[in-house]
Every structure is written in C-alpha cells, then in structure tokens.
Amino acid sequence: MPEGQIIKALSGFYYVLSDGITYQCKGRGLFRKKKQTPLVGDKVIFEAANLTDGYVIDLLPRKNELIRPPVANIDQALITVSAKEPQFSTKLLDRFLVLVEFHQIEPIILITKMDLVKEDEQEIINDYVKSYQKLGYRVKLLSNRWEPNLALFTDLLKDKISVIAGQSGVGKSSFLNLLNPALALEIGEISSSLGRGKHTTRHVELIEVLGGMVADTPGFSSLDFDQIELNHLPFCFREINQYRDQCKFRGCMHINEPQCAVKDALENKEIKEYRYQHYLDFYQEIKSRKPRY
Ligand SMILES: Nc1nc2c(ncn2[C@@H]2O[C@H](COP(=O)(O)OP(=O)(O)OP(=O)(O)O)[C@@H](O)[C@H]2O)c(=O)[nH]1
Ligand SMILES: [Mg+2]
Ligand SMILES: [Zn+2]
C-alpha cells in the first residue's frame with residue numbers, strides 16, 4: 001500500500017499527498033484502536049481507489065508533534081514577530097521560543113513589517129537581533145511590502161516542513177503569499193482599536209512554498225505552558241542551559257540559590273536582563289498554574 005503525508009485535515013477528511021497527487025481520505029483501521037489522532041504532517045499508509053474515496057490505514061512513527069497548532073514531523077518553526085503593529089515584544093518572542101525549544105524544534109526568528117520602522121527605531125531592533133543571534137538563533141528581517149529575496153528564503157525552506165507561528169496580524173499569510181503568490185491565502189485586517197489581527201487563518205494546512213512545506217497556522221490564541229513543567233524551563237533558555245553545569249547545586253533553578261552561575265552571568269551582563277526577567281515571569285506562571293489530575 002502507498003505511503004503519503006497528510007497535508008490538510010478538514011471536516012473529517014484527511015488530504016494525503018503522495019507522489020504529487022492529493023487523495024481525500026477517511027480514517028480507518030489501526031490508529032483508531034490505538035486511539036491515535038492523525039495530524040497534519042503525519043506520514044501514513046493509505047489506500048485509494050480514486051482521488052476522493054481513500055482510507056488512511058496506519059500512521060508511521062512521528063519525529064515530533066505539536067498540539068497547538070496540531071502538526072507532526074516538524075523540522076523548524078518560523079517564529080514570526082512584527083517590528084510594529086502589533087508592537088515588537090521580546091516577551092512574546094521568548095514565549096514562542098520556550099514553546100518551540102521545549103518541543104526540540106529548531107526556531108528561526110522572522111521579524112516582519114520592517115517597512116514601518118523609522119530610522120531612529122532601527123537601532124533598537126538591530127540590538128535585539130544581535131543578542132538573539134548571539135544565542136545561536138537565525139534571525140531574518142523582512143517586509144512583506146518589499147521584493148523578497150527568494151534565494152535566501154529558498155535556502156531556509158527547501159525540503160523542510162516548517163510551521164509558521166506568531167501572533168495574529170504579524171503577517172504570516174502575507175509572507176507566504178509573497179513567496180508564492182499562487183497561494184492567495186486570506187489576509188486579515190489589523191483591528192485599529194485593538195492593534196492586533198483577528199485570526200484570519202482558521203485551519204492548519206501544509207502548503208508548498210519554495211520547495212518546502214509550510215503550515216500556516218492560525219495565530220496562536222493560547223500560548224500557555226501547560227505541557228511544560230518547572231524543571232523543563234531552564235532547558236528552554238539557551239543561555240541558562242549553557243551555564244547550568246557550573247551552578248553549585250544540581251537542579252539549581254537559578255532563582256535564590258547560592259553560587260549560581262546563571263546569576264553570576266547575569267551580574268556580569270553575559271546574560272541579558274530582559275531574558276532572565278522573562279525566565280522569572282514564566283517560572284512564576286508555571287508555578288502558579290492550577291494542578292492537573
Ligand atoms: N506594513 C506592513 N504591513 C504588513 C506586512 N505584512 C503584513 N502586513 C499587513 O498586516 C495585516 C495582517 O496580515 P496577515 O498576513 O493576515 O497576518 P497573519 O499573521 O496571517 O494573521 P492571522 O492569520 O490572523 O494569524 C494585513 O493588513 C497585512 O497587509 C508588512 O511587512 N508590512
Ligand atoms: Mg494568516
Ligand atoms: Zn543556578
């Protein structure tokens with residue numbers, strides 16, 4: 001039986017891409033008994049007598065999976081933040097980074113709407129870019145109003161499955177349309193009263209862009225850390241992870257413990273104040289979360 005990949009799940013159907021052809025399939029068989037839910041991105045075994053009456057028979061093992069958005073086998077996450085409208089926020093960026101690091105997916109930071117940045121604000125953005133680059137993140141500045149550098153983005157996307165994630169209204173769909181105008185993805189308005197988008201994109205679908213597959217996701221509405229436990233959090237901050245071994249106490253949470261290498265690095269300005277502050281904020285948020293049973 002042929003193998004394929006689910007590129008869209010909608011109204012009870014799975015759309016399975018195999019050798020360049022998409023088959024509309026229903027779910028059947030083993031994965032139901034195992035209580036598995038097929039996700040967009042899943043590699044599957046399927047059978048199809050024609051283009052519209054196929055059945056997904058079994059799911060192949062996943063490399064990874066996200067619950068929100070529901071996508072499997074992701075190579076990288078394009079974390080999209082806008083320089084303006086909505087306003088650039090390192091806290092929101094760090095929130096996405098933590099979620100993506102937790103799932104061990106490679107993050108790439110895209111900063112959109114650079115056309116709206118005035119000259120005197122440019123430097124602030126550049127400083128942030130440098131500090132994220134220093135942590136080892138790839139950062140791309142762009143405007144969806146400018147001619148795209150297709151070679152650069154082909155290099156980024158080709159042969160990979162990416163999710164594009166970010167707050168509503170930052171320009172995710174605009175970016176994908178710019179790279180592949182044939183997509184004609186729906187673009188939202190920025191609500192002038194709220195200064196943010198309105199969740200124009202509603203379902204998850206893998207679309208072909210520059211030789212890769214990208215899941216345009218609805219702007220994450222809930223970005224909570226409900227899968228993340230306190231002891232995971234230090235691993236989700238690259239610079240904290242880097243100093244961790246030098247702390248006196250194993251299992252140091254880098255809050256009030258003596259001889260903490262992270263606090264030392266903070267004092268020496270080797271760790272950025274705002275990053276550590278976000279660590280503390282997220283720590284509190286997870287700590288005060290209601291217990292689940
Ligand atoms: N000035 C400027 N406006 C942009 C840019 N990119 C997108 N926009 C505008 O921002 C608004 C939202 O763009 P979308 O592409 O719908 O945003 P999205 O991230 O897909 O939003 P959701 O689907 O709601 O998650 C639209 O009015 C776009 O025209 C940009 O680079 N510069
Ligand atoms: Mg969109
Ligand atoms: Zn420590």
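## Helices, rings and a zinc site

The pLDDT is the predictor's confidence in each residue, from 0 to 100. Helices (H or I, at least four residues) and strands (E, at least two) are DSSP runs, numbered from the N terminus. This is a predicted model: local features need pLDDT of at least 70, and side-chain atom pairs count only at pLDDT 80 or more. Residues are numbered from 1 along each chain as its sequence is written, and side-chain values use heavy atoms, without hydrogens and water. The mean pLDDT of the chain is 90, and 91% of its residues reach 70 or more.

Now the zinc ion (ligand 3). Its donors are Cys-247 (SG), Cys-252 (SG), His-254 (ND1) and Cys-260 (SG), at 2.1 to 2.4 Å. Donors are N, O and S atoms within 2.8 Å of the metal (3.2 Å for Na, K and Ca). The angles among the 4 donor atoms are 103 to 115°, and the site is tetrahedral, a term for four donors with all angles between 85 and 135 degrees. Cys-247 and Cys-260 both lie in the loop between helix H6 (238-243) and helix H7 (261-267), so the pair ties together parts that are 13 residues apart in sequence. Both cysteines, Cys-247 and Cys-260, are buried. Buried means under 20% relative accessible area, exposed over 50%, and partly exposed in between (1.4 Å probe, protein chains only).

Next, helix H4 (residues 150-157). Its buried residues are Phe-153, Leu-156 and Leu-157. They cover an arc of only 80° around the axis, which puts them on the same side of H4; the arc is that of the directions from the helix axis to the C-beta atoms. Ala-151 and Asp-155, on the other side of H4, are exposed.

The structure holds 11 aromatic pairs. Rings of Phe, Tyr and Trp (its six-membered ring) pair if their centres lie within 6.5 Å; planes under 30 degrees apart count as stacked, over 60 as edge-to-face and the rest as tilted. Here are two pairs.

| Pair | Centres apart | Planes at | Type |
|---|---|---|---|
| Tyr-23 and Phe-46 | 5.2 Å | 45° | tilted |
| Phe-153 and Phe-175 | 5.1 Å | 75° | edge-to-face |

Tyr-23 in strand E3 and Phe-46 in strand E4 are 23 residues apart. Phe-153 in helix H4 and Phe-175 in helix H5 are 22 residues apart. Both Phe-153 and Phe-175 are buried.

How values were computed:
Chains are lettered from A and ligands numbered from 1 in the order in which they are written. Four donors count as tetrahedral if all angles lie between 85 and 135 degrees; four count as square planar and six as octahedral if opposite donors are over 155 degrees apart and all others between 65 and 115; anything else is irregular.
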